[in-house]
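Here is a short briefing to read with the model open beside you.

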Amino acid sequence: MEKYKIPQNCKIVGGPKLNDEVEAMLTPLELKKDNFLLELQTLIGKGLVAIEKVLSNLIEKKRGETQEGENEPDADLVGLAEAGQIICLAHNTLSKHRQFQLSGHFNDKIKKLVAAQTIDLFLFGQDFGDKWKNAKALQTTARELQAAEPSTSKNSLGQASKKRWKTSMSKGKINQTRKFSNPRNNQFKTDRDSYRKEKRKRILEETAPNVENPYPGCSDLIQMSLERKTIQERGTIEIMVAAQSQNTLKQYNSTYSKWWDFCKGNIETILQPGVNEVLSFLKQQFDRGLQHSTLNVHRSALNLICDAGKSELVDRFMKGVFKLRPNFPRYEEIWDPDSVLKYIISLHPLNKLSLEDLTVRLVVLIALCSAQRVQTLSKIKISNIKVHSEGIEIIFTDILKTSGPKKPQPVMKFPFFKDSPELCVASNIIEYIDRTKLIRGTEDLLILTIKKPHHPATSQTIRRWIRRGLDRGDIDIKYKAHSTRHAATSAAFRAGTSIECIRQAAAWSEKTQTFNKFYNKPLRSEEFFVNYIKRVG
């Protein structure tokens, strides 16, 4: 099968890739199902390549044998061409089936957007992410322009963003109505905080098992758990909640929503559960097909608001989950950066590149030459870039994933490669800043989106660009954008770079074993262990 490679000018034959925005919504089981269909499409694509080669050879042979005046089509050639058409139809049907399987994750408005998208290298089109954001921005603008109407929903008490709501100080009934006309007013913030505190207090008091309260939200639930631990000062609680990053709160929000529904809104069970309740909840999620890593996130979230998840019985349950559904490292071997660097070298000189090629070249080079996460790339600011005669130095003033007390922030250092200008990261950065000067305005973040309106690129967009660069470098589709971190550190180690230098570049702590455990991967080898038998024999 290896000799039938997908041609560079027709990548779609290998099957459209899943958009990063859609991939982030799926469970591991759903991703596994979609990857199976994608691998099936790749095999079909290789079958089409095989048919194309045979068909081309037969056409050339027929052309040489045909005499003047003979225009009769060969029945075998026609049959082979029609077989290729049928296989193409099956390939396209699989793409539509993949779209149908995933359509249940979208709301009605996004489904209309999906229906209008054309399948290309990506399952929902390359511009799906931008159109999605534009649709959401349009909805937000429409809501702001629309006149507010009084809500009759039972859950209206749980929506702090409403401009009118009712509050109660006795038996959960309405005694007082407040109206806030200007959300930027300091009085609004004071009254909103007071309302939230009263709401949490009321929910804590309503602990009857048969009363199901609306889910108050991730932050409010964490604050309720801290208040249960006799922490009453508002400022102290807010500081403790701020210890969790926004990405962590987004992950935990899913857990708390499911946990709230499982406990039917009973606050006593939610904040002070027994071990049996926690095990039953984890078993319920296990039966829904969740993997060990996802269940571990649920357990960590519950440990933040209660102590039952720290039990030895829960430890044993999680070990059993791992035995039944093992969760091994994503990569056992890693790709060689050499093929990607050859593609990078082909994109030279810089002043003749389009903005898209220049941007893809920039993010791939920075990822390979810094071994940093994509999130770090998205935080690069022009004001933090220092140009010296020897090269460029980039510091970071934002909180990153690796940031911590007494832990130094990462520093990127890129010297000028005067003997290899086609691989010089520093020159690429300077050219990119000059090229984007007119479209940048006052924006300080370095990496901008390619299409109008130009704005700072998100981590998801940068991941998509890196993956595009890996595609053009003939890297297997199973490797994600984060694999540049594996490939860069492993290649540096093979080239003789010291562990200390690799650790500092990747922002790992001094005593960490992260590189040895997860990132130091061998290159893919075509040699098989069993071959030694032939040499010995």
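Let's start with Arg-325, which lies over the face of Phe-286, 3.8 Å from the ring centre; a charge sits over a ring if NZ of Lys or CZ of Arg is within 6 Å of the ring centre and within 35 degrees of the ring normal. This is a predicted model, in which local features need pLDDT of at least 70 and side-chain atom pairs count only at pLDDT 80 or more, while totals for chains, interfaces and linings use all residues. Residues are numbered from 1 along each chain as its sequence is written, and side-chain values use heavy atoms, leaving out hydrogens and water.

**Aromatic cluster**
- Trp-259, Phe-262 and Phe-281 are linked into a cluster by ring pairs (rings of Phe, Tyr and Trp, the latter by its six-membered ring, with centres within 6.5 Å; planes under 30 degrees apart are stacked, over 60 edge-to-face, the rest tilted).
- Trp-259 and Phe-262 both lie in helix 9 (residues 246-262), three residues apart; helices are DSSP runs of H or I with at least four residues, numbered from the N terminus.
- Trp-259 is buried, at 0% relative accessible area, whereas Phe-262 is partly exposed at 25% (buried is under 20%, exposed over 50%, partly exposed in between, with a 1.4 Å probe and protein chains only).
- Phe-262 and Phe-281 pair edge-to-face, 5.6 Å centre to centre with 65° between the planes.

**Helix packing**
- The axes of helix 14 (residues 337-346) and helix 15 (residues 355-370) come within 11 Å and cross at roughly 140°; axes are lines fitted to C-alpha atoms over the stretch in contact, with angles from 0 to 180 degrees between N-to-C directions.

How values were computed. Helix = DSSP H or I, 4+ residues; strand = E, 2+ residues; numbered from the N terminus.
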